[in-house]
Amino acid sequence: MASDQIHKAIVFAGFGGQGIMFIGQLLAYAAMDHGYHVTWIPSYGPEMRGGTANCFVVVSSDPIGAPVAAYPDVALIFNRPSFDKFEPLVRDGGLLVVNSSLVEQQTAREALDVVRVPATKIASAVGSERLTNAVLLGAMLTVEPILPITAINAALQAHMPAHRRDALAANIDALERGSQHVRKQNPELLNSLSI
Amino acid sequence: MTKQLLKGNVAIAEAAVRAGLEAYFGYPITPQTELLEHLSARMPELGRVFLQAESEVAAINMLYGALSTGARAMTSSSSPGFSLMQEGLSYIAASDIPGVVVDVMRGGPGLGNILPSQGDYFQVTRSAGHGDYRPIVLAPASVQEAIDFTVLAFDLAEQYRHLVIIALDGLIGQMMEPAELPPMRDINTHRPDWALTGAEGRPKRMISSLYLQAEAQEAVNRRTQARLKIISENETRWIEYMTDDADYLLVGYGSAGRIAYSAVQSARRDGLKVGLLRPQTLWPFPSERLHELAGQVRGCLVVEMNAGQMLDDVRLAVNGRVAVDFFGRMGGIVPMPDEILGAIQQMQHERI
Amino acid sequence: MTADIKCDDMTITYQRPDAFTDAHTHYCPGCTHGVAHRLLAEALDELNLREKTILVAPVGCAVFIADYFELDGCIAAHGRAPAMATGIKRVQPDKVVVTYQGDGDLASIGAAEVMHAAVRGENITIVFINNAIYGMTGGQMAPTSIIGQKTTSSPQGRSVVQSGHPIQMSELLAGLAGSAYVVRRSLHDAANIRKAKKAILTALKVQQAGLGFSLVELLSTCPTNWGLSPMDSLAWVKTHMLPIYPVGDFKVADGVKEVMRDGVRSNS
Ligand SMILES: Cc1ncc(C[n+]2csc(CCOP(=O)(O)OP(=O)(O)O)c2C)c(N)n1
Ligand code: SF4
């Protein structure tokens, strides 16, 4: 299935409770269903309680050695402490997707692509702040199309646990809104996406 | 079967269930707990035994009891809890009964932390408890290998009537990867001819590790050593990657091994001929193959998540044929491919 | 660290006990570990014991307790606090030695150590937090979990057949000859919290008077792993824990009553 040569290390970082682990797993499921190699690793530790939470997802067309990276290709930043921690680490030429609803900081690094999305605000409009994670993933995949958003939707259908299924439509909606936001701001992406 | 996205700890638990696990005894400890939690739901569902013991001391001795009946049984823990199991491990090994124990290693010594480590290498390979023996030690480097080694562990344990330890670091335990589970096996209701089942219509049997006469004890020790020799001849396992033309050889197991694999790829992109040997069994150790490769490369670099423990075994195997350097991270820090690459480059400069 | 407030018509009604450091605790919102810490700190202040006390931390959510107290402290291996405390006390009998332990630590893995400390009449004080669950490791069943309680290692609810009965440590320890003062209190409302404080004071005085083993069991909450709000957790203590773990004095040895009446070297 997956014929494109890719290798991306993506970090999702925010507060515990922002759905960081879930959204990383969702990407991992979609990548697996798409035929890619993939690893997902949570940060686990005392920091779990109250503090920051992050997870690493590596998606690759080849078998994966290191499931973590010192310098990730992409960082999805959900809150300020995570910006401070990961903004300096994203590799040159990498992508920073920032939840501008909670993060005011701007990067001084010119070698980074930056996408700022008021994700929490958009999520509230869709129905719940808890969808912030889906908005950011939608935005990320629009700029860095590792997988089509339809693959994420399919993964939601296939793997969303029974007790959370009522949130399915809202998640799909949130992914799309995140994508739309980016496309509106970067019209040139519209064409590339419609191919 | 199709692949599922599975967490290492859960994958081991489910693989054990499918391999016909009859009884599990354990005590919560991070980063192993998902294994216990998975079985707390699965085993009762299947009418099998799950018991949360009051401590690891109790868990390993409950295991000793269950194993004495010839049942497939297992326990699991992480470093501080594994330390508490040392006594029982030694008794199980001394009784010549097959047992499987999982150690999901974390940062230490002491209470340490709950992050990934390979600090228990000495503890698992040197004897695991007091006395004079070695357990078989399997070191998976992926979720798939964790599954395969769980099934293998039961088979090896029963084939040799020997203790098998699955030693993984917290990273493999906590990581999710696509992997395929084995089909469900029936529970083996056959009981071997040493099992304690009640002496109905047959002579009595004893499970014991007590030999008061020195001669008797030595005879048992010799028998154990003979068995270990057969095991080391037949069950030494490792994986090689790009060793054919390698000038430098990386040696690493578990997470450190798979990260070293990434370092090999980076090195090759930079035109450096680096290869990897990843032991899958930490005991028996692939010493012979290492000795051979040592004759072919200009240097070895051992990579571990500790201060250098397998390093001793590599040095013994290489036996001075080439220089053996070390790169390790401790305290729960996972080494990065770039760091390993840096260590290779340094070795290259120092050893031209 | 006494606040330097000079305002004539104001009196200080609340301030940080001297026995506390100014560190922020890591406990979850609504967790009553914090309340128990405060009571212990106040009691140590009132008896002027800060510079005499050695605190032995458990393995459990309270593993960092010694960071929060301006006292000498240490962390025992899981369940072994009473043994470590024994070593400290035997070598320095004039010091006050206190362990603070959860129910996994004290009633499960450390059941032997606490029983033998009590049997020996070891002159130490134990603050025992019973929250019916393993907090730190993410909500597994404890020996104190109640029948039917769902935890991550008893997903169908604790059953007697599978896991036996909830363990009543205070009643058990009271039955041992060496224990001098063994009581259970609860932290679910203000009146009970006040009684808990008094019990901790008494236990410390018992140790000062050299009367032997003292233990105060405190019914405590774990909103995070119970999956309840802080308020609902307090209610749960009352509705679900108190019937199995009634508050009460299970052992008050002879000399203790005098200590309670007269007080020992109390500075308050
Ligand atoms: C030998 C050993 N086994 C297991 C653990 C893991 N562990 C840490 S805390 C804990 C239980 C904590 O529960 P409890 O004593 O009830 O205290 P709480 O966290 O609820 O306050 C366990 C099992 C450990 N650190 N050491
Ligand atoms: S996990 Fe439970 S016991 Fe631990 S701090 Fe949180 S609420 Fe308190």
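## Where three chains and two ligands meet

Across the interface of chain C and chain B there are zero salt bridges (a salt bridge is a side-chain nitrogen of Lys or Arg within 4 Å of a carboxyl oxygen of Asp or Glu). The model you are looking at is predicted, so local features need pLDDT of at least 70 and side-chain atom pairs count only at pLDDT 80 or more, while totals for chains, interfaces and linings use all residues. Residues are numbered from 1 along each chain as its sequence is written, chains are lettered from A and ligands numbered from 1 in the order in which they are written, and side-chain values use heavy atoms, with hydrogens and water left out.

**Chain C against chain B**

What does this interface have, then? It shows 10 residue pairs in polar contact, with both residues at pLDDT 80 or more. A polar contact is a pair of N or O atoms within 3.5 Å; within protein, one must be able to donate a hydrogen and the other to accept it, and residues adjacent in sequence count only if both atoms are side-chain atoms. On the side of chain C that touches chain B, α4(C) gives the most, with three residues. Helices such as this one are DSSP runs (H or I, at least four residues), and strands are runs of E with at least two, numbered from the N terminus. By class, this side of chain C has seven nonpolar, 10 polar and one charged residues. Here Ala, Val, Leu, Ile, Met, Phe, Trp, Tyr, Cys and Pro count as nonpolar, Asp, Glu, Lys and Arg as charged, and the others, Gly among them, as polar.

The contact (heavy atoms within 4.5 Å) takes 18 residues from chain C and 19 residues from chain B. About 1,300 Å² is buried between the two chains, and carbon and sulfur atoms give 55% of that. Buried area is the accessible area (1.4 Å probe) that two parts lose on being put together, summed over both.

**Chain B against chain A**

Now turn to the interface of chain B with chain A. Here 23 residues of chain B are in contact with 21 residues of chain A. The buried area is about 1,800 Å², with 72% of it from carbon and sulfur atoms. Leu5(B), Met176(B) and Met336(B) supply 30% of the area that chain B buries against chain A, more than any other three residues. The salt bridge count between these two chains is zero, and four residue pairs are in polar contact, both residues at pLDDT 80 or more. The largest share of the chain B side, four residues, comes from α10(B). That side divides into 14 nonpolar, four polar and five charged residues.

**Ligand 1**

Which chains surround ligand 1? Its neighbours come from chains B and C, so the site is shared between chains. A residue is near a ligand if one of its heavy atoms lies within 4 Å of it. Of the 24 residues around ligand 1, Glu56(B), Cys61(C), Asp103(C), Asp105(C) and Gly135(C) come nearest. The helix α4(C) gives the most to this shell, with four residues. The shell has 12 nonpolar, nine polar and three charged residues.

| Residue | Part of the residue | Distance |
|---|---|---|
| Gly104(C) | polar backbone atom | 2.8 Å |
| Asn131(C) | N or O atom in the side chain | 3.1 Å |
| Ile133(C) | backbone N or O atom | 3.1 Å |

Taken alone, ligand 1 exposes 590 Å², and the protein buries 97% of that (accessible areas come from the Shrake-Rupley method with a 1.4 Å probe; for residues, only the protein chains shown count as cover).

**Ligand 2**

Ligand 2 is surrounded by residues from chains A and C, so this site too is shared between chains. Of the 12 residues around ligand 2, Cys28(C), Cys31(C), Cys61(C), Cys222(C) and Asn225(C) come nearest. Helix α9 (residues 223–226) of chain C gives the most to this shell, with three residues.

**Backbone details and a salt bridge**

Most residues other than glycine have a negative phi, and most peptide bonds are trans. In chain B, the peptide bond from Thr30(B) to Pro31(B) is cis, with omega near 5°, and Pro31(B) is found in the loop between β2 (23–26) and α2 (33–45). The bond from Gly108(B) to Pro109(B) is cis as well, with omega near 5°. Asp96(B) has a positive phi, near 55°.

Over all chains, the structure holds 37 salt bridges. One of them joins Arg80(A) to Glu104(A), with the closest N and O atoms 3.0 Å apart. Arg80(A) lies in helix α2 (residues 80–86) of chain A and Glu104(A) in the loop between β5 (95–99) and β6 (113–117), so the pair ties together parts that are 24 residues apart in sequence.
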